[in-house]
Amino acid sequence: MTMGLFDKLFGKKLDEIGAPVAGEAVASSEVNDPTFSEEMLGKGMAIKPTAGRVVAPCDATVDMMFETGHAVSLTTEDGVEMLIHVGIDTVNLQGKHYTVHCKAGDKVKKGQLLIEFDKDAITAEGYDTITPVVVCNSDDFAAFETVTGRTVAEGDTVIRLGKK
């Protein structure tokens, strides 16, 4: 990463969170659920997925893999706590159309497969597959920047954070 404004202001490299899914990166406000659109769980962004894979957005530890496979929470060594939530109200599918590839306590590397999901089957059941990426402890960071308004591949930087 090149020296950006936040780097100059804070004098250190920012933590970077990659896209856990490929698709269209959008602002949290575009998520049709107030929990995410109003950033009740923390600041973040969302991705309208074009494929049915969730990969680790950075090196981290899996805190919780939801039994239903629709969401996973991770913590980085630098203390970034994040939630990746595949779809809106998809917990109601009770795991149908999801395959989990990790469990709580696993150490994962950026790009490692965490969840597979059948995007078309989930959509056919009437659910939106938009995938919020939330930094649950975003208030712990002095700088918070999202990359939205474009198509992203797995691993492309979508969030940058700077410590207080």
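**Notebook: contacts, sheet, loops**

I began with the contacts of the chain, and among those between residues at least 6 apart in sequence, 69% join residues at least 24 apart. I note for everything that follows that the model is predicted.

Next I looked up the overall dimensions. The C-alpha trace of the chain spans about 50 × 30 × 25 Å along its principal axes. For 164 residues, a compact globule would have a radius of gyration near 15 Å, and I find 15 Å for the chain, so the two agree. I then checked burial, and buried residues make up 49% of the 164 residues. The accessible surface comes to about 7800 Å², and 47% of that surface belongs to carbon and sulfur atoms. For the charges, I noted that the mean positions of the 16 positive and 26 negative ones are 6 Å apart.

The secondary structure of the chain comes to 3 helices and 14 strands, and I wanted to know how strands are arranged in a sheet. I traced an open sheet formed by 8 strands with antiparallel pairing, in the order E9-E5-E6-E7-E11-E3-E2-E13. Which strands stand at the edges of this sheet? They are E9 (107-108) and E13, and each has a single partner strand, so one side of each is left without a neighbour in the sheet.

I followed the E13 end of the order in detail. Strand E13 (residues 150-152) pairs with E2 in the antiparallel sense over 3 bridges, and in this pairing I found Gly23 opposite Val152 in E13. Strand E2 (residues 23-27) also pairs with strand E3 (residues 43-49), again in the antiparallel sense, over 5 bridges, and here Ala27 stands opposite Met45 in E3. Moving on from E3, I counted 5 bridges that join it to strand E11 (residues 131-135), the two running antiparallel, with Ile47 opposite Thr131 in E11. As a reminder to myself when reading such strands, side chains in a regular strand alternate between the two faces of the sheet.

From E2 I went on to Ser28, which is found in the loop between E2 and helix H2 (34-37). Is Ser28 buried or exposed? Its relative accessibility is 7%, and Ser28 therefore counts as buried, since the limit for buried is under 20%. I then listed its contacts, leaving aside neighbours within four places in sequence, and found Phe36, Ser37, Glu39, Gly44 and Met45. Of these, Met45 had already come up as the residue opposite Ala27.

Phi of Asp89 is near 60 degrees, which is a positive value in a residue other than glycine. With a relative accessible area of 44%, Asp89 is partly exposed. Gln94 lies in the loop between E7 and E8 as well, and although Gln94 is not a glycine, I read a positive phi of about 50 degrees for it. Gln94 counts as exposed, because its relative accessibility is 70% and the limit for exposed is over 50%.

Technical notes. Residues are numbered from 1 along each chain as its sequence is written. This is a predicted model: local features need pLDDT of at least 70, side-chain atom pairs count only at pLDDT 80 or more; totals for chains, interfaces and linings use all residues. Side-chain values use heavy atoms; hydrogens and water are left out. Two strands pair if DSSP finds at least two bridges between them. Helices (H or I, at least four residues) and strands (E, at least two) are DSSP runs, numbered from the N terminus. Buried means under 20% relative accessible area, exposed over 50%, partly exposed in between (1.4 Å probe, protein chains only). Contact means heavy atoms within 4.5 Å. The radius of gyration is taken over C-alpha atoms; the globule rule is 2.2 Å times the number of residues to the power 0.38. Accessible areas come from the Shrake-Rupley method with a 1.4 Å probe; for residues, only the protein chains shown count as cover. Lys and Arg count as positive and Asp and Glu as negative; His and the chain ends are not counted. The place of a charge is taken as NZ of Lys, CZ of Arg, CG of Asp or CD of Glu.
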